[in-house]
Amino acid sequence: MSSSLLAFSGHQHLRHRLVLSLLSGKHVKIDKIRPDDKNPGLRDYEISLLRLLERVTNGTVIEISVTGTALLLRPGVISGGPVVHECPLSRSVGYFLEPIIMIAPFSKKTLNLTLKGITTDENDLSVDLLRTVTLPHLQLFGLSDGLELRIKKRGATPAGGGEVQFLCPTVKQVKTLNFVDQGKIKRIRGVSHAVRVNPQFSNRMIEAARSLLNRYIPDIYLYSDVYKGDESGKSPGYALSLLAESTTGAIHCAEAISQPGVAPEDIGLKATRALLSEINRGGCVDRRHQTLVLLMMVLGSEDVGRCVMGEPTAKTVQFLRDVRSFFGTSFKVVPADPNDPESAQLSYSCYGTGYVNANRTLA
Amino acid sequence: MSDQDKLLQVLEAHGEQFLQSFGLPTSGTSAKRKKNKSAPSSAHKRPKLSEDSYSSDEEWTGIQMEVTDFQEKSSELDTDSLSGDDTDFEQEDDGVIASSSAAPGANTIVFSENNYKDEPMSKGKMNSFMSSKVSKIRSDDTTPSQIQKGTPKEEQDEKTNAENDVLLHKLVHTQLLSGSLDPNLNLTPAHRRKALAGRLTELAGGAKMGKGEKTVRQVERNKASKKVREGLAQKQKERDQQQLEEAKNLGNYHPTLKKLFEASGAPASRSRNRGLKMGVGKFENGVLKLSKRDIATVGGKSHSGGKRGRARK
């Protein structure tokens, strides 16, 4: 066992540390997980995520301490294949899908993952945004054929009942990214859905959103997704997801989920205002997808990859630090426009590690 | 606030003046209404107000009164809104076109809420956006004109090929083979006559292309006696079989060409409907759906119009 051991502490940033460990092959030890909490140690969704990672990979050994406050991961080979996983009802399917999206292109076989649980939640990206925003970001790196996210059933909190199927092709090496021009917004699309409530709520959200967005560009289309009967899950809820696409292909997204006691018009307006503020921040990649894009840049071919984004979030900052511990790659972050002192855009560039998917079976 | 009070008073005076022109007893009922209105007006209280006005001793004098009621109410509603009850105003404001602002110099752009039309996006674009395949979500980026530009030449070639095929088919059946006047064929006069007749039936629409002569000969065959007819048919069958065998031997046969080799008299062998079906109705989603016609065919009491059976003489 000559591979080094990296030690971290704390439950934050758990997912991207596990992903980096699986990709780099380095053992990782995480301790002091919620030591002072009333319920110390790993939560049920974190343990479920570890179990899912075990199923998606082959030969991974995960050791959890008795109290659950420490964890050791010895990564194996990412195998892929057909996997069915039931997610606990404490976090939505997006929590589990985000790390899977990061590792799925490097698996041995095409990943066919079915996840059951809550599909739309406040804490994580909903499945609509995952399908329309996160997965198209993978297209920037050369992954498009066979990449699918099918939403079979929807499930709102707290009872869930949703089901999604994720299919991801394997790739030998990820392309180098050179995305510096953010362009101007050319169209806005949206998906609004309502399950087990009056279907007019979906239309009301769309009306409210349109009332704000119509003054900017003409090409706006908000689609009302209807699920009925068994496919609509077990709990009532509604949500609106919006995405804005620019002339160069940069996507910004925002969403709002229903809350008890709040009118659908307010939810529509909330989502719209969040979208407008995201667009205001600018950049080629919006804040929630910074880590995904930066990871793919690191795993690209041995060439300089460049991307212009807004300011990094706290998660992104810690991710960049961890990337340096795992892969030894550091990013050069400079202001994108040196002539304009007020612009908050930063240009992130790095030298790719030339990660090659050695697991891939060329069948 | 004194400005607002003044405005209120002016408006009230105006309202009362307006009402006096109708000759109605305004002071008593309007005071009543004003008392009721001073409480925060909610949607509940509004219908009660109308009832209050009728609970007084006045008779219902018809529609005119209602009209004035509404006008009075609207004037009072305005006063309420001026007093700064913002929530009420929002409730009552249902997409009315906003008037321009009072500031003289400001360039205001008027947006009326419901002026936009929900542009129906083309179904193809909608389907591509909502499809589960990620490669199709942004597929409308690739403009179809670009794709077409790549293959106009191929399209032209294809067109001319199809055109050529049609032309060839026509020629084959009009001039090249059935050309009855061609001396090289050594057609006997009878044969020539039949070929011409066949060609004519094709042109007249009585027969499909190439089958004209066959039709003519068949008609003639049917005129003959039974023995002759049967004999000719049998010989034809044998000949067809031999041709089929020859084609198979030469390697020219493929099951998809069955129709070409079978005698056109035999109808195309339709695929047998396999499986068990319901005798009547449609079984879908666990439910047997019967229409009125289905029930009639089974023999339930159908709505009998017309003769109810002949009366016995």
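Modeller: This is a predicted model. Start with Glu46(A), which forms a salt bridge with Arg34(A), with the closest N and O atoms 3.0 Å apart. The pair links distant parts of the chain, 12 residues apart: Glu46(A) is in helix 2 of chain A, and Arg34(A) is in the loop between strand 2 and helix 2 of chain A.

Colleague: Is Glu46(A) buried or exposed?

Modeller: Glu46(A) is buried, because its relative accessible area is 2%. Arg34(A) counts as buried too, at 9%.

Colleague: And which side chain does Arg74(A) meet in a salt bridge?

Modeller: That of Glu63(A), at 2.5 Å from N to O. Arg74(A) lies in strand 5 of chain A and Glu63(A) in strand 4 of chain A, so the pair ties together parts 11 residues apart in sequence. Arg74(A) is partly exposed at 25% relative accessibility, and Glu63(A) is partly exposed at 36%.

Colleague: How many salt bridges over all chains?

Modeller: The count comes to 21.

Colleague: Switching to packing. Which residues touch the most other members of the largest nonpolar core?

Modeller: That core has 91 residues, and Leu23(A), Leu97(A) and Phe166(A) are among those touching the most other members. Helix 3 of chain A gives the most to this core, with eight residues.

Colleague: What about strand 18 of chain A, which strands pair with it?

Modeller: Strand 16 of chain A pairs with strand 18 in the antiparallel sense over six bridges. Strand 17 of chain A also pairs with strand 18 in the antiparallel sense, over four bridges. Strand 18 of chain A is mostly covered, with five of its six residues buried.

Technical notes: Residues numbered from 1 in each chain as written. Chains lettered and ligands numbered in written order. Predicted model: local features only at pLDDT ≥ 70, side-chain atom pairs only at ≥ 80, totals over all residues. Heavy atoms only, no water. Core = buried A, V, L, I, M, F, W, Y, C linked by side-chain atoms within 4.5 Å. Buried < 20%, exposed > 50% of the residue type's maximum accessible area, 1.4 Å probe, protein only. Helix = DSSP H or I, 4+ residues; strand = E, 2+ residues; numbered from the N terminus. Pairing = 2+ DSSP bridges. Salt bridge = Lys/Arg side-chain N within 4 Å of Asp/Glu carboxyl O.
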